[in-house]
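Biologist: I would like to learn how to read a structure feature by feature. Could you take me through one, giving the general idea before each case?

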Amino acid sequence: MAFQKAVKGTILVGGGALASVLGLSQFAHYRRKQVNLAYVQAAECVSEPVNREPPSREAQLLSLQNTAEFDILVIGGGATGCGCALDAVTRGLKTALVERDDFSSGTSSRSTKLIHGGVRYLQKAIMKLDIEQYRMVKEALHERANLLEIAPHLSAPLPIMLPVYKWWQLPYYWVGIKLYDLVAGSNCLKSSYVLSKSRALEHFPMLQKDKLVGAIVYYDGQHNDARMNLAIALTAARYGAATANYMEVVSLLKKTDPHTGKERVSGARCKDVLTGQEFDVRAKCVINATGPFTDTVRKMDDKNAAAICQPSAGVHIVMPGYYSPESMGLLDPATSDGRVIFFLPWQKMTIAGTTDTPTDITHHPIPSEEDINFILNEVRNYLSCDVEVRRGDVLAAWSGIRPLVTDPKSADTQSISRNHVVDISESGLITIAGGKWTTYRSMAEDTINAAIKTHDLKAGPSRTVGLFLQGGKDWSPTLYIRLVQDYGLESEVAQHLAATYGDKAFEVAKMASVTGKRWPIVGVRLVSEFPYIEAEVKYGIKEYACTAVDMISRRTRLAFLNVQAAEEALPRIVELMGRELNWDDYKKEEELETARKFLYYEMGYKSRSEQLTDRSEISLLPSDIDRYKKRFHKFDADQKGFITIVDVQRVLESINVQMDENTLHEILNEVDLNKNGQVELNEFLQLMSAIQKGRVSGSRLAILMKTAEENLDRRVPIPVDRSCGGL
């Protein structure tokens, strides 16, 4: 019964953003103009959630252990798995979900952050007269409208510019984009339009001017993917699903069907990754929604099962916000090797990606330097020569593994159709594979429909169309103003809380610590450059965060925005979590080490360190070397050949600048390549050489020393905050 049902879909760029990309005034305008977005209503009225708040993880574990038999057990806590759990529980089915890591820890948190129908798939549908590709796009556009409606705090429309550099391409692309609007029908977010060269540069001043003919702007959606995934999981839990992260499936349970004499899957042996405790979870139907690990679970059921997934790696990078306008994205429809690259504003930063290359399956995908440089080179092709695209401006980088449904004989993942497949094994294991983030809900509906039919479960139709996700029901674009007025939060922090937690932002605000300042009254930041506050750590534990990695990557998005900032926030995050979860000193140190390893390998910190090593080449002109030596010796007054914290403090005191020792230690540690507590002249010259080449940017030590040299007589304060420095 393999491949019993192949269903239309597109690409799953997630296994798990903020509405601020448009600005609140524009987003409020969008909400007022609901005529452009067809209002989506649930197929039937859904009863209110059984829980006002999601039960604790401990309560969920007890439910998993003590329930004699569930109707549905979902394996996998990404977007599709959580969507399956929500669809099942709102139909009245007794539902459980287990995830071996954290919710959205896999591909669902590592997407391009778009909610889209797939412009390029529509092009293929037209060029090849492929009706199935057309249906995929139409379905995705319907799902896009629904997702924007049910989670308005986490999603928003985003205009995306397609620059045109040849006259003949203008009508060609215009027709294609207009067809995209036409296929969307009443779900069209806003009509696409053409811009002249001058207007295109006005909207996107960083754009390459030479040979630019004009541009076409169309609309798609954007979201905070990990938070969206978490909202689906929390909503399922509130409706009564027993959901638990860090629960690994060790094996599948089977029993003999008395009517047929055949073995049927009847549950799973589960292990609590945090405690090691094992127990059985029994269910009438087991759903495999494990993304890239689909075949691993299928082989638990049948060791001879043929592979149906071929993994593909997609790398993204994050750069400073000044690389793109605040409310306009860019699409490169034809890169040097035929891929598509998006260049988008996200969380006040700029996200660029993605690549599409075959890869091995791993729990810890690592972005390669080759892929990072490929994206940078493509970005350079579209940006003005006035904008120096520097390797050092990469603030974070990650790789996500897409579980593409493919013929096992296929070698080219780029030509694979992004369909999703519902597969039913001989023993009744239901597998949902492939698809894309945008269509997670329809994928879940198809899967539960198959489960009901195959296992003769008693339930009605899906009720998830129009069903608000956690935080969305009472959200409004002006909700943040109440947070400012009622709690004394900074406006930026209030906007962030409203756009992250929706109507639950008030609960976070109630937990906020008093700052001791005149303003803001409450809301102590974790790091100065970002609006994340300490109260979010406490609230994140209520949202099932169990580790420091959960907190820096999926409850907050610090790791995805700036790995250096995430590393700086780690000690305080671990301290706060340790206080709430009763961690001893050993556990705190373990959490710090694990989180730093995560940043180093999976979020691009390794790439940063490789840009500046003790073997880095010094490529400076003799005049530059003399100039930098002179600067260095202003700090190294004793001609030791190195500088320490004491040397820096001495210079700062001479110009009446005070800086705490911990900050100075952090600044020197960024450049101290051999980690001996001092910066040698050679290390300083390696740093300045790397800065000149663009491999390193925003070095606080370089900025501090240059400013001190220029202002020794003027006695002005020296800025030491990161200046958008990257990897």
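Modeller: What follows is a conversation about helix faces, aromatic rings, a record entry and some backbone angles. This is a predicted model, in which local features need pLDDT of at least 70 and side-chain atom pairs count only at pLDDT 80 or more, while totals for chains, interfaces and linings use all residues. Residues are numbered from 1 along each chain as its sequence is written, and side-chain values use heavy atoms, with hydrogens and water left out.

Biologist: Let me begin with a helix: which residues of helix H23 are buried?

Modeller: The general idea is that an α-helix has 3.6 residues a turn, so residues three or four places apart point the same way. Helices (H or I, at least four residues) and strands (E, at least two) are DSSP runs, numbered from the N terminus. Buried means under 20% relative accessible area, exposed means over 50%, and partly exposed lies in between, with a 1.4 Å probe and protein chains only. In H23, which spans residues 661-669, the buried residues are Thr663, Leu664, Ile667 and Leu668. These residues are on the same side of H23 because they cover an arc of only 130 degrees around the axis, where the arc is that of the directions from the helix axis to the C-beta atoms.

Biologist: What is on the other side of H23, and what do its buried residues pack against?

Modeller: Glu661 and Asn662 are exposed on that other side. The buried residues pack against strand S20 (642-643), helix H22 (645-654), strand S21 (679-680) and helix H25 (700-711), with contact meaning heavy atoms within 4.5 Å.

Biologist: How many aromatic pairs are there?

Modeller: A pair of aromatic rings is described by the distance of the centres and the angle of the planes. Rings of Phe, Tyr and Trp (its six-membered ring) pair if their centres lie within 6.5 Å; planes under 30 degrees apart count as stacked, over 60 as edge-to-face and the rest as tilted. By this rule the count is 13 aromatic pairs. One of them joins tyrosine 600 and tyrosine 601 edge-to-face, at 4.8 Å centre to centre and with 90 degrees between the planes. Tyrosine 600 is partly exposed at 31% relative accessible area, and tyrosine 601 is partly exposed at 32%. Phenylalanine 632 and phenylalanine 684 form a tilted pair, 5.7 Å centre to centre with 40 degrees between the planes. This pair links distant parts of the chain, since phenylalanine 632 belongs to helix H21 (residues 622-635) and phenylalanine 684 to helix H24 (residues 681-693), 52 residues apart.

Biologist: Are those two phenylalanines buried or exposed?

Modeller: Both phenylalanine 632 and phenylalanine 684 are buried. Elsewhere, Trp168, Tyr172 and Tyr173 form one aromatic cluster.

Biologist: Which lysines lie over the face of a ring?

Modeller: A charge sits over a ring if NZ of Lys or CZ of Arg is within 6 Å of the ring centre and within 35 degrees of the ring normal. Lysine 587 lies over the face of tryptophan 583, at 5.7 Å from the ring centre, and lysine 640 lies over the face of phenylalanine 642, at 5.3 Å from the ring centre.

Biologist: What does UniProt list for "domain: EF-hand"?

Modeller: An unreviewed UniProt entry lists residues 623-658 and 659-694 under that name; such positions are given in the numbering used here, feature names are shortened, and annotations may be inferred rather than shown by experiment. Over residues 623-658, the chain in this model is 64% helix and 6% strand, with its end C-alpha atoms 32 Å apart.

Biologist: Now the backbone: where is there a cis peptide bond, or a positive phi?

Modeller: Most residues other than glycine have a negative phi, and most peptide bonds are trans. The peptide bond from glycine 353 to threonine 354 is cis, with omega near 20 degrees, and threonine 354 is in the loop between strand S15 (349-353) and strand S16 (357-358). Another cis bond joins tryptophan 519 and proline 520, with omega about -5 degrees. As for phi, lysine 113 has a positive value near 70 degrees and is buried at 0% relative accessibility. Tyrosine 246 has a positive phi near 55 degrees, is in the loop between strand S8 (242-244) and strand S9 (247-256), and is buried with a relative accessible area of 7%.
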